[in-house]
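Here's a quick briefing to read alongside the model. Have the viewer open and follow along.

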Amino acid sequence: MEFFRIKHDIPFMSYGRYTTAISLVTFLLAVFFLATRGLNLGVDFTGGSVMEFHYAQPADLNQVRGQLAGIGLKDAQAQNFGSSRDVLIQVPLKQNTSGAKLSEQVLDTLRQHDASVEMRRVEFVGPQVGKELVENGAMALLLVSLGIAGYLWLRFEWKFGVAAIIANLHDVVIILGFFSFFQWEFSLSVLAAVLAVLGYSVNESVVVFDRIRENFRKMRKAEVAEIIDNAITRTMSRTIITHGCTQMMVTAMLLLGGETLHYFALALTIGILFSIYSSVLVASPILMLLGVTREDFIKPEKTAEQALP
Amino acid sequence: MNQYPLWKYLLIFVTLALGLVYTLPNFYGESPAVQVLPLRANLKADTALLQRVENALKAASLSPQATTLDATSVKARFNDTDSQLKAKDILQAQLGEDYVVALNLLPRSPQWLTDINALPMYLGLDLRGGVHFLLQIDMKAALDKALESASSDMRSTLREQNIAYSGVSREGKQVTVKFRDAEARSKGEDELKQRFSGLSFSERDEGGEYLLLTTLKPEEEKRIQEAAVQQNLVTLRNRVNELGVAEPVIQQQGADRIVVQLPGVQDTARAKDILGRTATLEVRLVDDQVSMGAAAPFGTEMFKDRDGFALLVKKSVLLTGERIDDAQPGFDSSSNEPAVHINLDSIGARKFKEATRENVGKRMAIILFEKGKGEVITAPVIREEIGGGRVQISGQMSTEEAKDVSLLLRAGALAAPMEIVEERTVGPSLGADNITRGFHSTQIGFTAIAIFMIVYYLMFGGISVLALGANLLLLVALLSMLQATLTLPGMAGIALTLGMAIDSNVLINERIREELRNGITPQAAIHAGYDQAFRTILDSNITTLIAGIALFMFGSGPIRGFAVVLCLGILTSMFSSVLVSRALVNLIYGRKPRLTKVSIG
């Protein structure tokens, strides 16, 4: 079986103007939402408490809210989590209350009204820790970007490193844009997914770049645009199949992984979809724009020849 | 042409066989067990203890699956939780307070696997349930305490030496001593410099006053902070022992934080209570006049020492632990015997001087109170009047004991207050759910990929799936071998790595198809396909590895689990998708010189 039996190269580079426009618009939209709505940062980053309780029968959220207000937690949010019998309570960080004591207080209160309440999970993050997690997350993002750009520079040429990083940061910003637009909770595991996407979608660019380099050596007479078009067309089948397979795994996680993995898988899904697009239609046009030439690769051979007596 | 040398086949075979062996323990599951740990230094986990445990269980007609002895504990495995709980109660009652009897889960794998250190994967708290605390030590308080006691010691030193001074005051990190004239200051400075090696001194004249400014030397500050962390670690360890947790993790994290992980603990309230408890230390006189009777006479109390011997101690307190600034193990300067050096603060020194003057020849007991129960740490004889606040306890002590006693003297209380800055508690039902969910999604995802690959690439698809299976096997084996903590994001990492690992095989298969289309013979196409694809595979895996390493460096807790799996998965996938799949292809097609067709769809 074969899905992509493409006889002629698809002239991707001639669409460059349109694809760049599309990218730019999505990118700017993502930036716009990030700027106006911001991210719905989870407790991991803002500090505060999250508690998950399990009831034997469907829980009445209004009652739970009333009980919470009764112990002075008016700003606590209570919502269903996964099923109507699971309740998630979020309490923002407050100046004077000790977060560590809070969970017991809440459990005691809920137990008074319904003895069947079972505590499933408690997360409390102090303000200092939250701040550090934000800093470490940003640091990791920066380091990954620099590391990957540096590696591609070594392995290919600086233009490739720059093109790949721009394409991938574009993916990252768009994932963040989605999280901002829908106000999905941005937690530590989502951050992990975002960083994984960064590594993963560079993968994609590397495969195309590898072909481009190979084509520069093989297709001596071709134009740069033709070379890139050929490289993309030839790797397209692999691109779709690989991402399809990875997406099968991620979809399984999205559907069966439970609430904890839900947003993690969601971030991966968006990341995978956009990394297909960006590696083909963002990284390569940037590469063209930066003026990649055959000489970028043939040079070392010449100097080698000259070095011979 | 597509043949591997024999050693390569052997290497692959041996690796896979090893992988299988180390993956095996994960299939046996776990049984409820009890673990008996001796609490005191002089009690060892030995065959005698094993015998005692076995006898106690036999007497209660409980039949464990197995009882084992390891370096620190005796473990007994049971069929069900009922007998586990029963056994815990019986053992705790029989062995008394000198042993901790903890509930645990032990792998059910056969002994020979355990003997070669093949253990199941180490599950994180989000998978097995338990409590995770991150405690922040208040270092400012530790330094404040040190400076406060230094300034009061300076006062008493100057007074003792009859050096006139007009005041000692502390402001933040600086202690200022005021003198009336330069002469007194230089005399005072000499004296203080001799006594306080951890302080740095500088002079300043201000408004007719002669000031001596002292601050902690940076290295002294560092020492105090390190000591505070160590002391709090020891205290926490002692306290966690009481909770009866089988495999607690108590570790320093960064310069001023401590991580406490208590797998299986559900009662977070009690855990917090015990971790945050304050212990007190008291020095009292031993009453040796009265012979040991059943009841303690009026005005005395009975305490046991660490070896279980009873001592009669007077009720009036000579000194409390707050007066102890520091306790360090060392050696007696004249006899070179191991000793414990104790520094008292100025008030403590004065009280101690009086107490020792009146009680030469008697014994004093140092008692640690926790949970309202006292235990005698040591009970030395007072040989002479002790002034100056420097106390030395020596005689009939090994260096090990000197270390223990000094730790206990310091560890009775926390060196500096601590605050919980992060808490993650996962109930056991959620943990079990997380495992099932992670397992199911991996299973379904794997099956979907397998079906697709076989339909799309036929034989080569099948080979790819086998390689992917080998990848999973090796990854699980590696995780089990390293005993890296597996978290829920880690399980997601396994699934994701598998999804990504198929990339290498897709690359290879696509290359082979392309070469075939270019009209090359199948054998050459296979060769070229693997060759060409390898460079790309290497590049793309290294970029992912960079992301994985950064995640590991900056990630905390669950994220770190994900990063570990991601990095290991990349390594195993390189091996399996390139070497294992190639070996299979070689075995199937490599021997046929006139191969005209391969099954690649």
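**Layout of chain B**

In this predicted model, 62 Å separates the C-alpha centres of domain 1 of chain B and domain 4 of chain B.

**Domains**
- Chain B is assigned four pieces: domain 1 (6-24 + 427-590), domain 2 (30-108), domain 3 (140-220) and domain 4 (278-420).

**Nonpolar cores**
- The largest nonpolar core has 131 residues, and the members touching the most others are V194(A), L195(A), A196(A), V197(A), A267(A) and L551(B).
- Helix 13 (residues 428-482) of chain B is the top contributor to this core, giving 19 residues.
- A separate core of 52 residues lies apart from that one, with A102(B), V240(B), L262(B) and L275(B) among its members.
- Zooming in on V197(A) and skipping neighbours within four places in sequence, you'll find contacts to D171(A), V172(A), I175(A), A267(A), L268(A), G271(A) and S275(A).

**Where the chains meet**
- Chain B puts 61 residues into the contact, and chain A puts in 57 residues.
- On the chain B side, elements giving two or more residues include helix 10 (268-275), helix 14 (488-517), helix 15 (522-554) and helix 16 (558-590).
- Helix 13 of chain B supplies the largest share of that side, 15 residues.
- By type, the chain B side splits into 32 nonpolar, 18 polar and eleven charged residues.

**Strand pairing across the chains**
- Strand 5 (residues 118-125) of chain A runs antiparallel to strand 21 of chain B, and five bridges join them.
- Within strand 21 of chain B, T425(B) is the residue opposite V122(A).

Terms used:
Residues are numbered from 1 along each chain as its sequence is written. Chains are lettered from A and ligands numbered from 1 in the order in which they are written. This is a predicted model: local features need pLDDT of at least 70, side-chain atom pairs count only at pLDDT 80 or more; totals for chains, interfaces and linings use all residues. Domain bounds come from an automatic or database domain assignment. A nonpolar core is a set of buried Ala, Val, Leu, Ile, Met, Phe, Trp, Tyr and Cys residues joined through C-beta atoms within 7 Å. A residue is buried if 20 or more other C-beta atoms lie within 10 Å of its own, exposed if 12 or fewer, and partly exposed in between; C-beta atoms are placed from the backbone. Helices (H or I, at least four residues) and strands (E, at least two) are DSSP runs, numbered from the N terminus. Two residues are in contact if their C-beta atoms, placed from the backbone, lie within 7 Å. Ala, Val, Leu, Ile, Met, Phe, Trp, Tyr, Cys and Pro count as nonpolar, Asp, Glu, Lys and Arg as charged, and the others, Gly among them, as polar. Two strands pair if DSSP finds at least two bridges between them.
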